[in-house]
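Please keep the sequence and the structure in view while reading.

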Amino acid sequence: MYTLEEIHSFKGKYPKQLWYLFFSEMWERFSFYGMRGMLAVFMVSQLMMDEKTANLQYGATQAFVYAFTFIGGLFADKILGYRKSLFWGGLLMIVGSIILAIDPKQFFFFGISFTIIGTGFFKPNISTMVGKLYREDDNRRDAGFSFFYMGVNLGALLGGYICIAVANGTLWESFIPEHLRWNIAFGFAAVVMIVSLLTFTQTQKTLGEIGLSPLAHLEKSKRRTLEIATYIGSLVIIPIIMTMVAKTEYTDYFMFIIGPLALLYLFFEMRNFSLVENKKLFAALVFILFSIFFWAFFEQSGGSLSLFAANNLDNTVLGVKLDPNGVNNSSNSFFVIAFAALVGMAWLWMNKRKIEPNTVVKFGLAFLFLAGGFYVFYYTKFFSNSEGITSLDLFTMGWLVITFGELCLSPIGMSAMTKLSPQKTQAVIMGMWFLASAYGQYFAGILGANIAEASENSSNFDKLIVYADGYKDLAIYALVFGLVLIAISPFVKKLMQDVK
């Protein structure tokens, strides 16, 4: 078994354990983004929901996914440890995907509920383990998170395109029977999740003591009881999640409660920390708050932009015939893979010349790129034909612009959370980072539903105009948030103290 000292004193750019976590996360993200990309289209085309309801349902589903990452992080921190938590989450995700593959129409909310809780146990803990591969003062940590983030995006690229393209019948249609397209598409999510879990179980011995039980000091029987109670509790809650996702007003109540409770819990923990540590935690909260707004706009991808792609986009990019929904789901990941290293090199180049913007300004820049991308989505309306079909080329360019925004925020944000939080609350803070995404998803569903409602009973051309104008409004809001962040950056930088 490796010692922590051996893991920390790796030579070169990345510890070898990062590769194993990279592949485990890559296949899990294939499953997650494959599933996510299908939800809104499935609800409209197969469950016959109207677009407003589908947006709200999508927002509710994704909000619960990310809200449970906070709860999963908490249980990992206090009871299961990161490894058992990750394994249990992976098993639940496999079960959920198999249920959906068997009969997605009949068991939609049942299968989705398993994947929601499973993702909650899996997602925050693998990110936390990446942070633990480095010493506190190791400046290679950012590069490690950027590399790990590439695994996330490789999975998202493959899953985001393949699953929806199979479901729509634009990929491998010659040997997948039409009546089984959705079953096979959901089935892919189960298969790759099994690969993810096997990757982790076969390589976890290299992690030394990272992610083992936090209750090692307790006698075995007591520890076992707490673990089994956690497993049973997470199964018992499935019918409750089913009800809450199916009826979105329950999601509203849940979201009104979980955020304030998470904050109260953090403030309770903060009593035990020094003033210096608490200032850093307040800086982390500023990032968490603004990230809610970022994700509320960005996550239109699975909701309103998914329906926009289905209704209003042609099917070629640079002359190559592609599924427009597949492009909407995967182009962001494609651009992250293409440009992440380049953006990282740009930061290093600026750092050498002492002109690298601080983390807060980078967050502000993220919003400015987000505004630019949504303005491009708005601009697609000027390239439409009389049927309301517009350019997939231009739409893809909008994602290119937004991707630079995401690269200014997401990998840096994850890394900042691990740097700004004391050891004891790392998983909780990482959980709150994902909880911010939950609120982002929740508000994304509401924003998308408002756009869809305004376009109800319209012709396809009029629908295009309403959606495009909605994206212009989002561009303006994003611009304002970006400018505010850049303006308050000196104040937040003071709170961060020695954290760069």
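Among the elements around the second largest cavity, α2 gives the most to the lining, with five residues. The model is a predicted one, and two cavities of 30 Å³ or more are counted in it. The points below take each cavity in turn.

**The second largest cavity**

- The space in the second largest cavity comes to about 110 Å³, and of the 13 residues that line this cavity, Phe32, Met35, Gln62, Val65 and Thr115 are the closest to its centre.
- At least two residues of this lining come from each of α2, α3 (51-102) and α4 (108-132).
- Sorted by class, the lining of the second largest cavity consists of seven nonpolar, five polar and one charged residues.

**The largest cavity**

- The largest cavity holds about 320 Å³ of space, and its lining is made up of 25 residues, of which Tyr33, Tyr66, Tyr149, Trp295 and Glu406 are the closest to the centre.
- Two or more residues of the lining of the largest cavity are given by each of α2 (16-45), α5 (141-168), α10 (275-298), α12 (324-352), α14 (392-420) and α15 (426-454).
- By class, eleven nonpolar, nine polar and five charged residues form the lining of the largest cavity.

Note on methods: Residues numbered from 1 in each chain as written. Predicted model: local features only at pLDDT ≥ 70, side-chain atom pairs only at ≥ 80, totals over all residues. Heavy atoms only, no water. 1 Å grid on protein atoms, 1.4 Å probe; cavity = no way out; pocket = protein on both sides within 12 Å on 5 of 7 lines; lining within 4 Å. Points joined across faces, edges and corners; volume = space filled by probe spheres on them. Helix = DSSP H or I, 4+ residues; strand = E, 2+ residues; numbered from the N terminus. Nonpolar A, V, L, I, M, F, W, Y, C, P; charged D, E, K, R; others polar.
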